[in-house]
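Visitor: I have a protein model to look at. Could you walk me through it?
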Amino acid sequence: SDYIEVRTTQHGGRSLFAARDIPPGTQVHSSPGPFAHVIYKDYRREVCAQCFAYAASDSVLPEAAQSRVWSIKWKPEGFQGSAVWFCSEDCKRAWEKDEAGPLQMQLDATLTKAQVASRRKGPKPTNMLSFSSAAEITQDAIDQAWKNVDELVASKAQLVAHCATLDLEDAELDIARLLVSAIVRRHVSERPSSVTDGLVDSDPHPNYMSWSHFLHLQNNELANIRERRHILSPHLRIYAFLCNALPRYLLPYIPTTVREVSARDTGNAFGIWDGDRRDEMLGWGVWISASYFNHNCSPNIRKTRQGRTLHFETTRAVSAGEELCISYVDTDQPVEQRQKDLESSWFFRCGCSRCQLESA
């Protein structure tokens, strides 16, 4: 967009700024689709796999969604227990054109089968990591935890035995499905070229942005684990589960994708909401370019979603050189709650003029 430019800031890493004066109500940026996303399994029949339309939304006509679920179904041939639904034949055809969607659903059936297989009776595997409440969590300790699970993964016999009684939880399976969407996106876009020895971007949807762009997002691994001591153990469990469940041709993508996406999910992801009153969060995803917008409790940018695309437009007149900001939290909350939410999920304390005024 001619309206924005990327700059590096002292307080928020890379951010977006107005390249010129912008009038109110101007769309300054669109992020066409998530690099990685997941719709919660419980909502699959109610959420269109292509445009994320919610069948139970008040805005959907009763005749369009019978019994508040979509009726157009797709499931991979030869794979049981996995399917997605669509609000229209147009959405189904658009989804089928992207190789990533059908491939991900084949792998989804594989994950579902592997989850069932992980619930065999027997001694549960020992916890690969536990931090005491008093222990200081350091980057070295986190790196060692990943090294330990890598040693487990290196032995196929040990990995199979470990996963046989892993008993992967449903919430962990949703995270695994998000990670698989990123693995598939990498696999589809990073194809060996017959002309060169390297990898080329052959993704039919380049606007999703590349893995290299994803890695430019802020890494929150240490901050997130310090805030949520319990979170690293599920990440390690999911990593072992995916190494055991996914086909061999995807194994080269798993180590870096699982850890790097897990490190950037919190703090960069956007919820996929029902679109009306935001009463229902249907899943979440990472729109790479959308993550460049920093936060302000008096935002000058409004975010809306149309289908898979996130749109950003000005809420007021913006001067050239002014930072373009959205709000990460409910700005109707008192300053104390806003600060608490921001520190918990985005790992910073807001210093905007509104917070300074309300904290005085």
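The questions below take up a pair of helices and then some cysteines.

Visitor: Is helix H2 roughly parallel or roughly perpendicular to helix H8?
Guide: This is a predicted model. H2 covers residues 100-117 and H8 covers residues 232-245. Their axes come within 10 Å and cross at roughly 110°. Angles of 65 to 115 degrees count as roughly perpendicular, so H2 is to H8 roughly perpendicular.

Visitor: Which residues in H8 does H2 meet?
Guide: H2 brings Thr110, Leu111, Ala114 and Gln115 to the contact. Their partners in H8 are Phe241, Leu242 and Ala245.

Visitor: How many residues of that contact of H2 with H8 are nonpolar, polar and charged?
Guide: Sort the residues of the contact by type. The contact of H2 with H8 divides into 5 nonpolar, 2 polar and no charged.

Visitor: How many disulfides are there?
Guide: A disulfide needs two cysteine sulfur atoms within 2.5 Å. By this rule the count is 0.

Visitor: Which cysteine sulfur is nearest to that of Cys48, and how far away?
Guide: Cys48 is in no disulfide. Cys48 is also buried, with a relative accessible area of 0%. The nearest cysteine sulfur belongs to Cys51, at 3.7 Å.

Definitions and conventions: Residues are numbered from 1 along each chain as its sequence is written. This is a predicted model: local features need pLDDT of at least 70, side-chain atom pairs count only at pLDDT 80 or more; totals for chains, interfaces and linings use all residues. Side-chain values use heavy atoms; hydrogens and water are left out. Axes are lines fitted to C-alpha atoms, for helices over the stretch in contact, and angles run from 0 to 180 degrees between N-to-C directions. Helices (H or I, at least four residues) and strands (E, at least two) are DSSP runs, numbered from the N terminus. Angles under 35 degrees count as roughly parallel, over 145 as roughly antiparallel, 65 to 115 as roughly perpendicular and the rest as oblique. Contact means heavy atoms within 4.5 Å. Ala, Val, Leu, Ile, Met, Phe, Trp, Tyr, Cys and Pro count as nonpolar, Asp, Glu, Lys and Arg as charged, and the others, Gly among them, as polar. Buried means under 20% relative accessible area, exposed over 50%, partly exposed in between (1.4 Å probe, protein chains only).
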